[in-house]
Amino acid sequence: MHDLLRSLWDEPRPPHPTSRARWDLVLVGALAVAAVLEGVLRADLAFPVVSVVVAVGLLPTLPLRRTRPLRAVAIAFGVCAVTPVATGVEPELNTMVYLLLLPFALYRWGSGREAALGSLVVLAKLGSSLALGTVGLGDTLGGAVVVCTACALGAALRYRVRARTRELDQVKLLERERLARDLHDTVAHHVSAMAIRAQAGLATAAANPAAAVDALRVIESEASRALAEMRAMVRVLRHDERVDLAPTPRVADLGQLATRPHLGPEVDVEVVGDVDDLPPSVGTAVYRLAQESVTNALRHARHATRIAVRVVADDRSVHLRVSDDGESPARPAAGRGHGLVGMAERAGLLGGTCEAGPDPHRGWTVTAVLPRTGASA
């Protein structure tokens, strides 16, 4: 209990209070006119001048309620407490219902200490009116209930906005993680392909100049695609630039990984089953897992001649298998390296699995199984 009270006392102000100066001025003007008209038209007021002066005089506290909620409450309810002592009557204008905005703002925008001190000011005002006899017990209790309701609404809105902000921060964090994975997969794939083509071109340039020219064309193509995808991701990270609305890659785009070059291993892609209605998250994950697996094979599979990408979809899951026929001793062990960790994490986020390891005799195989619905476990 002590810790709870201590945390409430130390509760800081919410950041960035809303600025609505124009609407506050309109509200103050409208309430001033309403107070004057009520004072003129109502015949049951004992001291209409005093009531109107107090009602209009306290209107400037309204614009302060978001930035200085305690000061606004102290001024407004302090004046309302002193007025009966000085005049012997309570301000009676119905227009003064606007004062409920002050305890609401106190719990919406004030710190824990300000809310506690402001509550004492309000209670002191209600107690003084009851002690002076200007307000009966029933009206005092009724007023306390109304004020508490305003405070509760302010607190509820405060914590609802906070919860919403945390949800948005979580979404932003997840999106940044996704972009980091995509950036790693995309850049690693294209740069690895360029490096391999460059090595092959250098090795064959003297004996086969045409093959070297083909390698340069592949390097130029890979560099252009890498640059375009990196620019698209940078646009997403910049708030002042329009986001590229091009769709994210899916299973249908796996054909882009297939290559039959004169240099390097051949990449074959085979898709079996219905993949047209896969959720975008699953389709993108399958594409990225295959892309990363092909990149790793191009980078580490020595003397490989073929990389096979096979996707099989059934009613419940999607199976991905990427294998090559290269030499395996140079590969990183399963569980090491950011690539394999990122692949396992990507699959795990969708409730699936991803494993990688050497084949019995030669080659390396990556297998991933994702639920067709993409539901996390």
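Rings of Phe, Tyr and Trp (its six-membered ring) form a pair if their centres lie within 6.5 Å, with planes under 30 degrees apart called stacked, over 60 edge-to-face and the rest tilted. By that rule, this structure has zero aromatic pairs. The model is predicted, so local features need pLDDT of at least 70 and side-chain atom pairs count only at pLDDT 80 or more, while totals for chains, interfaces and linings use all residues. Residues are numbered from 1 along each chain as its sequence is written, and side-chain values use heavy atoms, leaving out hydrogens and water.

**Whole chain.** Start with the protein chain coloured by secondary structure. It has 10 helices and five strands; these are DSSP runs (helices H or I, at least four residues; strands E, at least two), numbered from the N terminus. Of its 377 residues, 39% count as buried, that is, under 20% relative accessible area, with exposed over 50% and partly exposed in between (1.4 Å probe, protein chains only). Among contacts (heavy atoms within 4.5 Å) with a separation of 6 or more, 74% join residues 24 or more positions apart.

Residues 45-62 are 56% helix and 0% strand, with end C-alpha atoms 24 Å apart. Residues 69-87 are 100% helix and 0% strand, and their end C-alpha atoms lie 27 Å apart.

**Arg-108 and Trp-109.** Show both side chains. Arg-108 lies over the face of Trp-109, 3.8 Å from the ring centre; the rule asks for NZ of Lys or CZ of Arg within 6 Å of the ring centre and within 35 degrees of the ring normal.

**Ser-111.** Move on to the loop between α5 (101-109) and α6 (112-132), where Ser-111 sits. Ser-111 counts as buried because its relative accessibility is 14%. Leaving aside residues up to four places away in sequence, Ser-111 touches Glu-11, Pro-12, Arg-13 and Arg-158. Its C-alpha atom is 8.6 Å from that of Leu-8, 103 residues away along the chain.

Select Ala-188 in helix α7 (residues 137-204). Is Ala-188 buried or exposed? At 12% relative accessibility, Ala-188 is buried. Helix α9 is largely enclosed by the rest of the structure, because 17 of its 21 residues are buried.
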